[in-house]
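Hello,

Here is the structure I promised to pass on to you. Please open it next to this email and follow along as you read.

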Amino acid sequence: MFVQTQADELIAALSYVKENLSGKIEELAKRIIQAFNEGHKVILMGNGGSAGDAQHIAAEFVGRFKKERPSLPALALNTNTSTLTAVGNDYSYDVVFSRQIDGFAQKGDVVIGISTSGNSKNVYLALALAKQKGCFTAAFLGKDGGTIKTICDLPLVVAVNNTPHVQECHIFMGHCMCDLVDQAY
């Protein structure tokens, strides 16, 4: 019964995404396609499982998702342990992503933060700086969207309190976004 209950809860969460976030996922994919076509990049970030999702999505763009196409410029800010530990040690863990946004992000880039709580301070600060730099900012969020929903251009909030189901929805949303981008090339 446990697995059936979990499956039912996940189906309900995915139904929420279907009914409330489909248009936003498609809008984000269009923004990414536009950025790539104009010579810009996608920058992603997150903590913990969201870090894994960020690097997973970046890899889908750089490698391929479903079909052969040119490599697309995307990076996950949480993958360079030397940078993370140096910035965390010398400054603060709160700025491990914003410090990299300062160095890498350029006007026209798409910057995506991933946070199941919506309250990750390092993601918040990075998105705020990216927006100041003229990047289009989006966030995959959970629960009520937290503080991050207030500072990004396109918050995609999976309004579910079960963190694993939020994460499962985030990777589903990321895959849909990658598939839409693939179709443009």
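**Charged pairs**

Aspartate 94 has a relative accessible area of 28%, so this residue counts as partly exposed. Please keep in mind that the model is a predicted one. Lysine 121 is also partly exposed, at 48%. Aspartate 94 and lysine 121 form a salt bridge, and their closest N and O atoms are 3.5 Å apart. The two partners come from distant parts of the chain, 27 residues apart: aspartate 94 sits in the loop between helix 4 (81-90) and helix 5, while lysine 121 belongs to helix 6 (residues 121-132).

In total, the structure holds 6 salt bridges.

Now look at lysine 41 and aspartate 109: are they buried or exposed? Both of them are buried. They form a salt bridge in which the closest N and O atoms are 2.7 Å apart. Lysine 41 lies in the loop between helix 2 (22-37) and strand 1 (42-46), and aspartate 109 lies in the loop between helix 5 (98-104) and strand 3 (110-115), so you will find these distant parts of the chain linked across 68 residues.

Next, please find the open sheet of 5 strands, which has the order 2-1-3-4-5 and parallel pairing. Its edge strands are strand 2 (74-76) and strand 5, each of which pairs on one side only. On average, neighbouring strands of the sheet are turned by 15 degrees against each other, direction ignored. In general, strands of a sheet pair through backbone hydrogen bonds, either parallel or antiparallel.

Within this sheet, strand 1 and strand 3 are joined in the parallel sense by 5 bridges, and glycine 46 stands opposite isoleucine 114 in strand 3. Strand 4 and strand 5 run parallel too, joined by 5 bridges. Leucine 141 stands opposite valine 157 in strand 5.

Although strand 5 is an edge strand, 5 of its 5 residues are buried, so the rest of the structure largely encloses it. Leu154, Leu156 and Val158 point one way from strand 5, Pro155 and Val157 point the other way, and all are buried.

Helix 3 (residues 49-62) lies across strand 1, strand 2, strand 3 and strand 4, and runs at about 160 degrees to strand 1.

**The nonpolar cores**

Which residues have the most contacts inside the largest nonpolar core? They are Leu28, Ile32, Phe61, Ile112 and Met177, in a core of 37 residues. A second, separate core has 21 residues, including Ile43, Val96, Val123 and Ala126.

Leaving out residues up to four places away in sequence, leucine 28 touches Val110, Ile112, Phe136, Ala138, Phe140, Leu154, Leu156 and Met177. In soluble globular proteins, nonpolar side chains tend to be buried together.

Enjoy exploring!

Best wishes

Technical notes:
Residues are numbered from 1 along each chain as its sequence is written. This is a predicted model: local features need pLDDT of at least 70, side-chain atom pairs count only at pLDDT 80 or more; totals for chains, interfaces and linings use all residues. Side-chain values use heavy atoms; hydrogens and water are left out. A salt bridge is a side-chain nitrogen of Lys or Arg within 4 Å of a carboxyl oxygen of Asp or Glu. Helices (H or I, at least four residues) and strands (E, at least two) are DSSP runs, numbered from the N terminus. Buried means under 20% relative accessible area, exposed over 50%, partly exposed in between (1.4 Å probe, protein chains only). A nonpolar core is a set of buried Ala, Val, Leu, Ile, Met, Phe, Trp, Tyr and Cys residues joined through side-chain atoms within 4.5 Å. Contact means heavy atoms within 4.5 Å. Two strands pair if DSSP finds at least two bridges between them. Axes are lines fitted to C-alpha atoms, for helices over the stretch in contact, and angles run from 0 to 180 degrees between N-to-C directions.
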